[in-house]
Structures are given as C-alpha cells and as structure tokens.
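Let's take a friendly walk through a protein structure, one piece at a time. Keep the picture open while you read.

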Amino acid sequence: MDLSRRKLLKVAATALLMPSLAVQAQAPLLFGTTPVILDEQAQFLERWRIYLETLLRRPMRFVQRGSYREIMTLLADAKLDCAWLCGYPYVQMKDRLDLVAVPVYAGQPSYRSYLIVPAEDRATRSILDLRGKVFAYSDPDSNSGWLVPQVELKRAGEDATRFFKKGFYTWGHRKVIEAVAAGLAHGGAVDGYIWDSLSRLHPEMTRATRVAWRSSLFGFPPIVARKGGDELNTLRQALLAMTRSPPGRMLLARLNLNGFTIGELHLFDSIQANWRYLEG
Amino acid sequence: MLDNLSYRHKTPLAMSLVIVVTAAVVAAALVWQGYRQARANFISHTQTLGKTLARTVRPALLHDDVWQAYEILLTPLENPSDSGRVLILLDARGQVFASSAPRRFAVLDDFMRDTDDLALAWQLRQRSDWRQHVLEGASGRYLYILTPVLAEDGTLQGRLVQRYDQVLFGPRLNEVATGTIYAALAALVLLLPVGWLAGKRLAEPLSHLADCLGRVGKELPDTIRCEFPHGRDEIGQLAERFQGMVEELRSKQALEKHLAHSDRLAAIGRLSAGIAHEINNPLGGMLNAISNYRRRGGADHNTEKTLALIERGLQQIRETVSALLVEAKLESRALTTNDLEDVRTLIAANIQKKFIGLEWRNEVTQPLPLPSAQIRQILLNLLLNAAQASPEHGQVVCAIGLTEDGLQLMVGNAGAEIPERRRQHLFEPYFGEGEVHGLGLWVTYQLVDQLHGAISVQSIPGFTRFTVSLPLESSRET
C-alpha cells in the first residue's frame, strides 16, 4: 500500500511538472516593459506571460525598470530580447531595433499627447498658458510626456528650461496624472491612451484633472525586438493572434487595446521629425 | 441653615462631598496626566518619523526629484487630504520643495515668508542650528516639528516641517477623559455608600448623646439610661462625663430624699417628744388627783367605777405617750448573750401561736459595749413585727452577728410585701385602723438613731427583711 501510494504521488508530481519543465528547458525570452502601458498591474502581466509562453512555446519574463532609459540601455546591451517602448526611444534606436508590432488603439495604431491641468483650472487652453508654473513630465525619453511639450514650446519661441518655474519628472504617465490631480504640478504632459484608459478604469484618479489640449496623432508605442533576434516572427504572430482567442481578447480588454498590427515604419515619422526639430 | 442640620446628615454629607471632590480631583489629574502622556508620546513618535523622513527624502532633494520627495512625504499619511497632518519639505533657501498638501503649500512657495507664525519663521532663519525642534505655533493651533535635512558632510540641504493640528489631540483627550470618568463613576458608586455609612456611624454616638442630654432636666435621672460604645475618643470621654453627671444627679436626688426623710422623722420626734412632755405633766396631776381621792376614801360604788374608768383611760394615754417618748436609758448595762437569748424566750409564745418556725442564728458569744435594754427592745420589736407579718406556718429568721461596722441584727419573715405607700412612712408613728397603735417601728427607729446606728428594710413579695447595724464605738462615746 505504501508503495502504491508513493508511486501515485510520483506520477502526480511528474504530470504537474512536465509542461513547465519542458518550457523551462530553454532560456527565457526577456521582454522589457515601460510605463507606456499600465505596467504596475502584476496580476495582469502574469496572465499575459502565461498566455505568451503558451504561444511562444518557451519561457519568457517581463523586465520592468524605473525609466525608459534603463530599458533602452538593457536593449542596447543585448540584455533584453524585446521591449514595449515609446515611439521616441524607438526612433532614437531605430537602426538597432526591429519593429515587432504596433498596438491598435481606438481603431488605429496611433495615440495623442494630452496636456492636463488640475480640474479647477478652467482657463488653460495651451501649454503657453502655464508660464511660470510647476510642470510635470513623465520621462525624459517619452514622446507624449516630454518631446511633445518641448516641441510645442520651441515652436512658440520659448526656452523650455526657463518657461516653467519648475519642471520635474514623475517617471510614469500615471504619476503625472496623480501629481496634477494633487496640485503638486499646475500642468503635465501625459500619454493620451493612458489618461483615457485610467478614466475608464479609475475615473476617481482622472476626475481631478482636465485635458486642456490634445496633440496631433503619433505612432502608438510599439513592441520592438533587438535586431537579429530569432524570436521576431514568433512573437509577432503571438501578438497578432491575441484577437483570435477569448483569453487574448480578455487580455487586450485589460490593456484597453483593439489588438496588434504589423505596423509601418512611417507611423513614427512625425516623432522623428519632432526629435530632429528639437535637436536642430 | 447648615448650622441647624443634624450631624446625622452633616457628617455623611461631608464624607460624600469629600469623596466626590477627591474623585473629581483625581480624575482631572489623571485626565491631564493621560493627555500630557499621549501628547508626549505623539511628539516623540513624530520626532522619530521626522528623523526617518529627513534621511529618506535626502536623495530626492539632492537629485531635485520633486515627485519622489512628494511620494515619500505621502507615505506616513493615511489620507493625503487629512488637513490635520501636513509634511513640508523645504529646500536650503526655505522654499517649498514638495509638500503633502501641494494646494496649500505649493512647490517653490516661500514658506518662511508665507508662514504667519513668527516663532517658526525665526527658527527657520537659524542657519547653523542643526537640531530637531518642536515648536508650538504662536496661535497655539499647530504643533511644528522641524528636522534639518543634512548632506553627508553635514551642510544644510533643507528642512522637513511637520505640521500637526492640535485638534488631533481632541479625540485622544476625549478617549482618556471618558475612560477616567467611567472609572471615577464606578469608584463613586462603590465609595459613596461606604462613605455615607461611615459618616452615619461616626455621627450616631454624638446624636445619641445629644438626645440623652436633652432628656436631662425633663426626666428623672433614674429613668435616663443611655448606652455608649466604650472608647477613649472624644465621644467616649463625653459619654463618660455624661454618665458621671447623670450618676451624680441620681445620688444627689437620693441624698435629698434621704435627708428629707430624716428631717421629717427628726421633726416628728421633736414634735412627739414635745407633746408627750406637755401631756405627761397634766396627766401625772390627774392620776395623782385620782389616787389622793381614793386614799381619802368615801367614794361610793358608782364613783369608784367612774374613777377606775378614768384611771384606766389615763393609764392608756400615759402608756401611749411614753411609747412615743423614747428616752435613752444610759444606765443600761452591757449586752450579753443571755440578753439575746431572753428575747428568744420572750418571743416564743407569739411564734408558737401561729406555728411559725424560728431560725435563730446568734454569732455573738461575748459581751458587747452596747446598752442591753435598748438592744433587747429593738430585737424584740423587730421579732414581734415579723411574727405579726408572717403567715401561719411561716418562717422567721433572726441573725445576729458582728461586722466591721459593729453589731448587725437581721430579722426576716415570709410575709406580704410592704406596700410602697406604707414604706415611705414606715418608721413614722402610725395610727391605722384596726390597730391600737403602730409605734413599734417608730420606737425601734428612735432607739437605733440614738445609738447612731442605721436601720433599713428590703421587701419583696414573700420576703421582708429589716437590717439594723449599730456601731460599737457609739456606746463608748456615750
């Protein structure tokens, strides 16, 4: 009896361990994420990881860092296989990266930058109304959270370093919203997709802010892979397939996205142009 | 009004008042102490928090990271919109770097200039003071804790200001006060009845004494019977004095009664002696006249019969009068046992007539320096009285002995109790119905009085005893 019981346990243990053992046989795919999405939801990332592992048939791991710059460095140093980046770092590192897929949001692979102010500020219509105020940027490598307001100021002939009384980074779009809602900053530049998603998921957070200005469309933060990586196609197929299965659609709903598309390089031309404008 | 209130109420009231006041004072002290303690704990806690936060925000301040500083400042606050607790991080110039209430203390506001608290502004201007400070704002509304944020080399990078509304202590004070008041009320519920009872017990002997004192003068001292707890405290002393006073009143009254009785007897003695003398002289003359008339003879039968009648009447008057007039016969010889035994013989006929048993106890064996005739008469009178009072087949006791006071004669009988009315005039001449005269005890009293002795009577139903004590010295004096 003791023997049969041990045997049973052994079989059960093997059955349980088998799939993960098979998956773990390979080195995991390292996927960097940045605050272009609401990447603080650990439960969601875990589900998405399991979903992707099943499709990729290899283990994968999400890697999160405090700033875009750190993810960019990791990618450049080949310490990451792929990442969900902002369009701005993508255009900066374009020659070293392959475009895997571009998310589709509100029917198109693009988004806007929002200028937000505290809800009680009914007057502000443009960033130029915020002279001498405290301004919150999300990240110095963010298109919507830094490049767009910088370019707007430069176009108006303002020196961005002196225009505001003080500017600071919150290292995340969500935190820009919090800073403006709390009154810590009188204005902030934020990813329009993040603000919209939050106003759907957590309206109490965005309620204290008001969108004072919306930019033109830019290419949505894309998923990119290190050039020469072997997983480009598999990962792209896995992402594109998400709309076709209920679990995939559920995950997309959590992301507030319609799906993924292959995406075209010219989507990011406007960002590149802005970058050049600011540099030049 | 309070002066008229009885100590029976005043003492318990005072006790209760003392208990209530004590409870109130103790409760107030406890509340104050609890409040001070809670406040001290709070300040100590916030000081520690200030030191921790000052160290934590240093990198943010150094790297000009407003958001990080803001997030750190928010961490100890349960609710960022709580206006009672505000944390403000100032840069080296005294401008707001970040605050937990950015709308009130906005980034880059000049805090030193904006604050309406002079003490706080003065303290903030001290550039070289790197200690932590606890300041009570000038308005008294806020409590400030100032903690310097220092760089590694000790230079001042900024300051952390923690501002707490003193209103925050309100609920704590309420909590302490409520707890203490409940405890005090519980203590009062236990102590008040005890205090009331103790006060009542304390005042009880005093009011009892007052009641007893109030009876003096209204009632006879004999009827005033008051019991007090024994003790040497003031009440005990008062009670003792009171009892002494009542006792003295009682003996004074007894003495007065006794004196009045003696005076009355003496007055009667003088009166009867006077009357006897006044009567004896004409009486002697009248008897002599009858005697002379007879001696001359010639009286016819009728005259002789009348004379005899008159003589018998006069003789009876003489006997009565001489019985009233008791005179000491100083020539009488000393008393011997035979005298006493004679009396026993003399009384034997009266005793036997009523079949009375006589218990005779004579302890006198030697002659005594007392007049024998008077003693014989005293004893005989008492025995005759006893025999008369005793029922048939009764018992009469006669005890003759010597005490340190002298000779003592005791004669008892089993007769009826002497009524109180009669007892008050027992030793006075008595002329009641059915008796020729009741001079036996009068004579006895006179004899005893002349011998400086004392006679007393005890009478209860079924037993009456006369006691005569006669000092031996008296006979030597006379």
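## Ground rules

This is a predicted model, so local features need pLDDT of at least 70 and side-chain atom pairs count only at pLDDT 80 or more, while totals for chains, interfaces and linings use all residues. Residues are numbered from 1 along each chain as its sequence is written, and chains are lettered from A and ligands numbered from 1 in the order in which they are written.

## The sheet in chain A

Let's begin with an open sheet of six strands in chain A, with the order β2-β1-β3-β12-β4-β13 and mixed pairing. Strands here are DSSP runs of E with at least two residues, helices are runs of H or I with at least four, and both are numbered from the N terminus. Two strands pair if DSSP finds at least two bridges between them. Which strands sit at the edges? They are β2 (60–64) and β13 (259–261) of chain A, each pairing on one side only. From one strand to the next, the twist averages 25°. (Angles run from 0 to 180 degrees between N-to-C directions, and axes are lines fitted to C-alpha atoms, for helices over the stretch in contact.)

Now zoom in on β4 (residues 97–104) and β12 (residues 223–226) of chain A: they run antiparallel and are joined by four bridges. Leu99(A) has Val224(A) in β12(A) as its bridge partner. As a bit of background, strands of a sheet pair through backbone hydrogen bonds, either parallel or antiparallel.

## Helices on the sheet

Helix α3 (residues 68–76) of chain A packs on this sheet, touching β1 (29–33), β2, β3 (82–84) and β12 of chain A, and its direction makes about 155° with that of β1(A). Contact has a simple meaning here: the C-beta atoms of two residues, placed from the backbone, lie within 7 Å. Helix α10 (residues 232–240) of chain A lies across β3, β4, β12 and β13 of chain A, running at about 0° to β4(A).

Which residues of α3(A) are buried? Tyr68(A), Ile71(A), Met72(A) and Leu75(A) are. They are on the same side of α3(A) because they cover an arc of only 100° around the axis. (The arc is that of the directions from the helix axis to the C-beta atoms.) A residue is buried if 20 or more other C-beta atoms lie within 10 Å of its own, exposed if 12 or fewer, and partly exposed in between, with C-beta atoms placed from the backbone. The buried residues of α3(A) pack against β1, β3, α4 (87–92) and β12 of chain A. After α3(A) comes Ala78(A), with a positive phi near 60°.

## Chain B and its hairpin

Chain B has 12 helices and 12 strands. Of its 478 residues, 24% count as buried. Among contacts in chain B between residues at least 6 apart in sequence, 65% join residues at least 24 apart.

Have a look at β3 (residues 133–136) and β4 (residues 142–150) of chain B, which pair in the antiparallel sense over four bridges. Glu136(B) stands opposite Leu143(B) in β4(B). The hairpin has five residues between these strands, and Gly140(B) takes a positive phi near 80° there.

## Where the chains meet

10 residues of chain B are in contact with 11 residues of chain A. On the chain B side, helix α2 (residues 66–74) gives the largest share, three residues. That side divides into eight nonpolar, no polar and two charged residues. (Ala, Val, Leu, Ile, Met, Phe, Trp, Tyr, Cys and Pro count as nonpolar, Asp, Glu, Lys and Arg as charged, and the others, Gly among them, as polar.)

## The cores

A nonpolar core is a set of buried Ala, Val, Leu, Ile, Met, Phe, Trp, Tyr and Cys residues joined through C-beta atoms within 7 Å. How many residues does the largest one have? It has 113, and those with the most contacts inside it are Val224(A), Val57(B), Ala69(B), Leu89(B) and Ala98(B). A second, separate core of 34 residues includes Leu383(B) and Val448(B).

Leaving aside residues up to four places away in sequence, Ala98(B) touches Leu184(A), Val66(B), Ala69(B), Tyr70(B), Leu73(B), Leu89(B) and Val107(B).

## Residues in loops

Arg57(A) is not a glycine, yet its phi is positive, about 55°. You'll find Arg57(A) in the loop between α2 (42–56) and β2 of chain A. Is Arg57(A) buried or exposed? Arg57(A) is exposed because it has 11 other C-beta atoms within 10 Å.

Leu108(B) also has a positive phi, near 70°, and lies in the loop between β2 (96–99) and α3 (111–114) of chain B. Leu108(B) has 16 C-beta neighbours inside 10 Å, so it counts as partly exposed.
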